[in-house]
Amino acid sequence: MLNALDKNASKIGVASGHDIRSALQAAGLGKREIGVTMGALVEKGVLERLKVIDSDGLFYMAYRRVTLGKEPIV
């Protein structure tokens, strides 16, 4: 999960949920497994869920790491 986020992250460490899910589905994981795992990582404070608004005013959900091990990213 975190490898897919890192691989698809922008320069500021944010990756769209779609890009993360696509990478994980290509690796053989199912939609339900991905959704449950991403939700658990958000709940545990490992990932942060962000609402990103693009230049057309449309939004999508993105994620970024909040912690690396036990140390928060500042």
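Helix H3 comprises 13 residues and spans 18 Å from its first C-alpha to its last, close to the 18 Å expected at 1.5 Å a residue (the expected span being 1.5 Å times one less than the number of residues). Helices (H or I, at least four residues) and strands (E, at least two) are DSSP runs, numbered from the N terminus. The model is predicted, with local features requiring pLDDT of at least 70 and side-chain atom pairs counted only at pLDDT 80 or more, while totals for chains, interfaces and linings use all residues. Residues are numbered from 1 along each chain as its sequence is written, and side-chain values use heavy atoms, with hydrogens and water left out.

Within H3, the buried residues are Ile 34, Met 38 and Leu 41. These cover an arc of only 65° around the axis, which places them on the same side of H3; the arc is that of the directions from the helix axis to the C-beta atoms. The face turned away from this buried side carries the exposed residues Arg 32, Val 36 and Glu 43. Buried denotes under 20% relative accessible area and exposed over 50%, with partly exposed in between (1.4 Å probe, protein chains only). Just after H3, Gly 45 adopts a positive phi of about 85°.

An open sheet is formed by 3 strands in the order E1-E3-E2, with antiparallel pairing (two strands pair if DSSP finds at least two bridges between them). Strands E1 (15-16) and E2 (47-53) stand at the edges, each with a single partner strand, so one side of each is left without a neighbour in the sheet. In E3, Tyr 63 is the bridge partner of Ala 15.
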